[in-house]
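Reader: Could you walk me through this model, starting with the chain as a whole and then moving to some helices?

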Amino acid sequence: MVQEKAKQETKFVGIAASPGIAIGQAVVLRREIIDVNHRTIKKNEIEDEIKRFGKALKSAQGELSDIKKRVLYKIGEKDAKLFDAHLLILDDQIIIDQTEQKIRAERCNAEWAYFDIMKTFHDSLFKSEDEYLKERAVDILDVKRRVIRNLMGDKPCFDLSSRSLRIVVSHQLTPSQTVLLDRNAILAFAVNLGGRTSHVAILSKGLEKPAVVGLKDFAGHVENGDRLIVDGTNGIVILHPVKKTLLNYRKLQEKHQKFLHDLLPVKKLPAKTLDGHTLQLAANIELPSEIGSVKQYGAKGVGLFRTEYIYLSREEFPAEDDQFKEYKKVADEVYPNSVIIRTFDLGGDRLLIGDLKIDEQNPFLGWRSIRISLDLPELFITQLKAILRSSYRQNVRIMFPMISSVDEVLRSKELVQKAMEQLKQEGKEFDPHIEIGIMVEIPSTVLIADHLAKIVDFFSIGTNDLIQYTLAVDRGNERIASLYTNYHPAILKFIKQTVDVAHQNNIWTGLCGEMATDSIIVPFLVGIGIDELSMTPAAIPEVKKMIRSIRFNSAKRLADEVLQFPRTEQVKNELVLFIKKNLPQIAEVVLPREEIV
């Protein structure tokens, strides 16, 4: 972006991390740079240096435990659990052993040894193409800084104390930095680095503060006291807004606050249209600790429980009992509502363990997901047994990801039967009639849906990958990001075809991709007769409000009409027009607002 003249209104576009609008002055937290020098120590100083290292680790553990308690009190259990990862890194015996070995072998000071070892771990994660692993590099960075500060007797180089009503601007915010800020003094966050799964994104949602991340060089353009607008819903930050822009956004801010207030009573009501058509709204979760949000926002169970975190948080494949405890925790918490547990959706870019470490040029079209599970049946059966054991209250469903053929389903079901037989022999309880479904996220799956519907109990449409694979668009590629769209006619036809085939075969269909939270397309999804929408818990009240404000017959006519359009622009325009005509009050809040800036 070309730098604008000083004080000229400038718009920066990043990633929408936490919804809402904030208008206020900036406080800039400059990058923390720790200068670590190499120092050679004497042979008789080695053991004292190792003891000094151990003392610094212990101090860091105490600090993190205090921070975790503070987060638990200020925000809640879900966000407090983020710091478990930091405590695990501090306790990581491999890192500790390698640091001590380096001190002994090279006779170097503990700061340098720890800095060098942690840099290797950080760089390997940060270079990963996988967004989840890349974001976990921040954990390494945060722990590294904390231990080294303890070793050097330093304090953070910027002031994290309370400031009155400011928008926090930074190149990067680590979790502990974020929570040490006074939530009552924060209006919003605007951060150069980070994605939708970054800690600042997660914690800003927990704090219910608007946030935009992935702003690249934005922080370098801002000085303390500069006026900003942070639009966390659309991923926009405006520096030095002019009077007209401020006026428009203040009006929008008032409407948004009223809209949120009006959503409060909706949480406990059913997702039913004005003429009586009912849908189920469920939640997508990645961690058992998110169940609190599932209940808070009125979700009817869990429509997608991603299980990859169980694998990614360990050095080896998790044992059956370890998995069972995690699955059982979720199933018990949501009972009597159901939970759909998706088997490991691991890709080549996420396989980092032992002999399975691989390097694929295009991991998203390679050895991943159900392909890995079927090629490693013993590991697959271990997971299946854990899921089955958690189904003893008959509210658990199994879902297979990235299915592309009938053979994959049949082979997967054979392994389910084998897992059941083993559990019978072991005398362990499970639901023998557990429902089995598949993700519909590959074009071939849609085209053979009539065959697949005869051998499964439900479909769940994963629009994130379905759009990517159908349109041949890498959604992470900034150059072609505009081609990745929910409104392409081919995508809408694929979804409609899937729902129709499912209903013809007396099975139900859900949708668990990001499309479920797209307010513009919700009426279309209602109109094609989708049975369930599963989404981020916080998005449920807004989607429910829309469903309760429209008629099913009107939505059906809308769907029939847009399915005839050949162009994406026509589809989107018609969907927007429907919302403006039928939901004028909601339209002011949920529709795109490019015209404002």
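Reader: What does the accessible surface of the chain come to, and what share belongs to carbon and sulfur atoms?

Author: The accessible surface is about 27400 Å², with 48% belonging to carbon and sulfur atoms, as computed by the Shrake-Rupley method with a 1.4 Å probe. This is a predicted model, in which local features need pLDDT of at least 70 and side-chain atom pairs count only at pLDDT 80 or more, while totals for chains, interfaces and linings use all residues. Residues are numbered from 1 along each chain as its sequence is written, and side-chain values use heavy atoms, leaving out hydrogens and water.

Reader: How many of the residues count as buried?

Author: Of the 597 residues of the chain, 54% are buried, meaning under 20% relative accessible area with a 1.4 Å probe, protein chains only.

Reader: Which residues of α19 are buried, then?

Author: In α19, the buried residues are Pro489, Ile491, Leu492, Phe494, Ile495, Lys496, Thr498, Val499, Val501 and Ala502. Just after α19, Asn506 takes a positive phi of about 60°.

Reader: Switching topic, how do α12 and α14 cross?

Author: The axes of α12 (residues 320–334) and α14 (residues 377–389) cross at roughly 40° and come within 8 Å; axes here are lines fitted to C-alpha atoms over the stretch in contact, with angles from 0 to 180 degrees between N-to-C directions.

Reader: And which residues meet there?

Author: Glu320, Asp321, Gln323, Phe324 and Tyr327 of α12 meet Thr382, Gln383, Lys385, Ala386, Ile387 and Arg389 of α14, where contact means heavy atoms within 4.5 Å.

Terms used. Helices (H or I, at least four residues) and strands (E, at least two) are DSSP runs, numbered from the N terminus. Buried means under 20% relative accessible area, exposed over 50%, partly exposed in between (1.4 Å probe, protein chains only).
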